[in-house]
Amino acid sequence: MIFSSFSFLIFFIIVLGLVICLPQKVRKLVLLIASYYFYAYWDVRFTLLIFASTVIDYTLGHLLVHFSTPRQRKVCLALSVIANLGFLGFFKYYNFFIDSADVILSSWGIGTSNLDIILPVGISFYTFQTMSYTIDIYRNRLKPTKDFWDFALFVSFFPQLVAGPIVRASEFLPQLDKPVKITKANLWAGSQIFIVGLFKKLMIADAVAPLVDQVYAYPEYFSSLTVWLAIIAYSIQIYADFSGYSDMAIGCARILGFRFNQNFNMPYLSKNISEFWRRWHISLSGWLRDYLYISLGGNRRGSIRTYVNLMITMILGGLWHGASWNFVLWGFLHGLALCLHRLWSNQSQTMNMDGTHIDTLDDAIGTSRNGVFDAVQRVLSVLCTASFVSVVWVFFRSTSLSTTITIFKKLLLIDSTGVTWVYIYVPIAVAICLGAHIVGSLRNSDELVFFDHPNSYRAAFATALTLILIYVFAPNNVSPFIYFQF
């Protein structure tokens with residue numbers, strides 16, 4: 001059941017109607033049952049897995065408070081981490097590690113075998129959510145909830161269950177202390193946010209998907225120009241697809257009276273790779289920073305250790321996305337870029353003659369530069385960052401190393417022969433996203449939310465027009481959300 005399907009619309013209308021009509025005391029129970037039904041729609045067997053994670057972390061959360069000695073608390077935290085990563089490791093990475101080990105073990109005469117394992121949808125997301133609960137309790141930043149069913153709803157809440165955003169217990173559980181109320185303001189605002197996400201998914205991501213799918217399936221058949229178009233198209237597709245899902249999740253939650261934080265903030269306007277990761281998949285980058293990078297020591301143990309921590313964090317972040325060496329390489333390249341940017345930022349700090357610091361070498365040049373120079377510098381920085389991110393997406397999208405090598409041969413004009421396919425939807429999608437980013441930047445708001453007031457006639461007209469455009473022009477074949485595979 002995907003957000004852009006008619007079956008989800010019927011499901012959500014029924015849930016909304018029950019929440020409105022039933023007494024306050026059973027509304028959270030309705031949402032919990034609906035969430036488990038939503039998850040069971042994919043595969044009912046895995047509801048036992050998500051329930052097991054819920055029971056384990058709820059129990060360990062209370063034990064963390066019950067035990068007082070550091071040793072006992074560390075044991076409880078370790079059990080939570082081992083259980084959660086154990087589930088994730090088995091279902092997502094068992095065959096990957098077996099295949100990788102087989103390369104070495106086979107030369108020693110030791111055989112290995114894969115298991116026919118089905119990856120539970122959303123396991124990467126709810127695993128991180130439950131881990132944030134126990135880690136925050138261990139760090140004395142959160143008190144365990146006394147209501148097991150509230151915690152179960154936090155883990156399984158259907159809007160963000162399958163593909164995020166990653167919602168932390170400290171953000172969601174306090175909202176469950178308040179009555180579940182459907183208000184006109186939330187209904188109208190949430191509907192608009194959902195429709196914006198639906199537009200991104202159907203009108204942008206799915207529109208460019210045919211070119212991306214064909215080029216990545218048979219890159220040797222296409223010319224360099226077409227491959228470059230596919231690289232740009234995938235950059236647009238993955239942004240519109242994933243941020244579209246996040247918008248729809250945020251919109252559904254808002255309609256039901258819950259607020260989630262923004263997950264994307266005009267990422268392709270970033271001036272450097274560090275800024276990109278503050279704008280892209282914010283809930284994941286924030287999680288990796290707070291629960292992995294800082295736990296490794298962050299930048300508190302010297303420059304070399306800081307760079308090592310950055311690399312470990314990004315490599316593991318790449319591996320989180322999928323069991324493939326391509327994801328490891330993708331994470332490694334982003335980690336390397338973050339290290340180089342940090343090194344450049346540190347090196348570019350200099351001193352005035354009076355001993356005061358100047359932030360960057362650009363400032364050391366002088367303050368007499370005009371606005372045109374600054375604008376050109378910003379545009380070049382944005383283009384360089386977007387180009388790097390787009391090219392590195394190749395590792396993320398490719399299904400094999402041979403495909404990656406073929407694509408880079410095309411990109412570098414080593415082999416430019418092949419069919420040229422100038423897919424008209426790519427420049428249209430680029431123009432829409434670029435315009436939305438610019439408008440969002442000028443308005444200092446979410447890039448595709450144009451409505452000053454949710455109850456205005458202007459908002460109603462724009463919403464109706466968007467729905468009409470989706471109905472008339474949306475592709476007939478809807479592609480699965482990209483992040484469902486993670």
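**View 1. Surface and overall make-up of the predicted chain.** The chain exposes about 23,600 Å², of which carbon and sulfur atoms supply 66% (Shrake-Rupley method, 1.4 Å probe). Of the 486 residues, 50% are buried, meaning under 20% relative accessible area. The chain holds 19 helices and two strands; these are DSSP runs numbered from the N terminus, helices being H or I with at least four residues and strands E with at least two. Among contacts (heavy atoms within 4.5 Å) with a separation of 6 or more, 74% join residues 24 or more positions apart. This is a predicted model, in which local features need pLDDT of at least 70 and side-chain atom pairs pLDDT 80 or more, while totals for chains, interfaces and linings use all residues. Residues are numbered from 1 along each chain, and side-chain values use heavy atoms, without hydrogens or water.

**View 2. Packing of helix 3 (residues 47–66) against helix 6 (residues 148–156).** The axes, lines fitted to C-alpha atoms over the stretch in contact, lie 10 Å apart at an angle of about 130 degrees. Helix 3 is therefore oblique to helix 6, a class left over once angles under 35, over 145 and from 65 to 115 degrees are assigned. Helix 3 contributes Ile50, Phe51, Thr54, Val55, Asp57 and Tyr58, and helix 6 contributes Phe148, Phe151, Ala152, Val155 and Ser156.

View 3. Ser283 is buried, at a relative accessible area of 12%. Leaving out residues up to four places away in sequence, Ser283 touches Pro165, Ile166 and Asn263.

Methods
Buried < 20%, exposed > 50% of the residue type's maximum accessible area, 1.4 Å probe, protein only. Axes fitted to C-alpha atoms, helices over the stretch in contact; angles between N-to-C directions.
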